[in-house]
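Reader: Hi, I have a structure open and would like to go through it slowly with you. Could you take my questions one at a time?

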Amino acid sequence: MNDNKIENSLNLASNRNEISNEKMLMGSTSNKHPVFLNDGRTVVFISDKSREAEIRLKYELLKEKKITSRCPRHY
């Protein structure tokens with residue numbers, strides 16, 4: 001019984017598919033530019049440096065629209 005488990009795990013390990021480069025780079029910050037917002041407390045990584053002003057404007061607009069919380073811990 002143990003031999004079957006070992007053989008099965010070896011077969012599964014050898015039959016694993018390689019992870020594509022697209023999936024490996026999904027959460028990567030390489031080739032991206034950081035944009036520091038909210039006095040450095042928030043960092044957004046963007047791929048196009050020319051959109052930095054647009055991102056800052058969107059963040060400020062979202063900050064103004066922020067819905068207040070009913071939880072007293074958030075005040």
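Reader: Which residue forms a salt bridge with K58?

Author: K58 forms a salt bridge with E54, and the closest N and O atoms are 3.5 Å apart; a salt bridge here is a side-chain nitrogen of Lys or Arg within 4 Å of a carboxyl oxygen of Asp or Glu. Before we go on, please keep in mind that this is a predicted model, in which local features need pLDDT of at least 70 and side-chain atom pairs count only at pLDDT 80 or more, while totals for chains, interfaces and linings use all residues. Residues are numbered from 1 along each chain as its sequence is written, and side-chain values use heavy atoms, with hydrogens and water left out.

Reader: Okay, and where do K58 and E54 lie?

Author: Both K58 and E54 lie in helix 3, four residues apart, which is about one turn of the helix. Helices (H or I, at least four residues) and strands (E, at least two) are DSSP runs, numbered from the N terminus.

Reader: Which residues do salt bridges with shared partners join into one network?

Author: That network is made of K49, E52 and R56. K49 pairs with E52, with the closest N and O atoms 3.3 Å apart, and the side chains of R56 and E52 meet in a salt bridge of 3.1 Å, N to O. Because R56 and E52 are four residues apart in helix 3, about one helical turn separates them. By the rule given above, the count comes to four salt bridges.

Reader: Is E52 buried, partly exposed or exposed?

Author: E52 counts as partly exposed because its relative accessibility is 21%, where buried means under 20% relative accessible area, exposed over 50%, and partly exposed in between (1.4 Å probe, protein chains only). K49 is also partly exposed, at 44%, and R56 is partly exposed with a relative accessible area of 34%.

Reader: Changing topic, what is the order of the elements from the N terminus on?

Author: The elements run α-α-β-β-α, and the secondary structure comes to three helices and two strands.

Reader: Which residues make up the largest nonpolar core?

Author: The largest nonpolar core has five residues in all, namely V35, L37, I46, I55 and Y59; such a core is a set of buried Ala, Val, Leu, Ile, Met, Phe, Trp, Tyr and Cys residues joined through side-chain atoms within 4.5 Å. Strand 1 (33-37) and helix 3 (52-65) each supply at least two residues of this core.

Reader: And what is I55 in contact with?

Author: Leaving aside its neighbours within four places in sequence, I55 is in contact with V44 and I46, where contact means heavy atoms within 4.5 Å.

Reader: How much of the protein counts as buried?

Author: Of the 75 residues of the protein, 7% count as buried.
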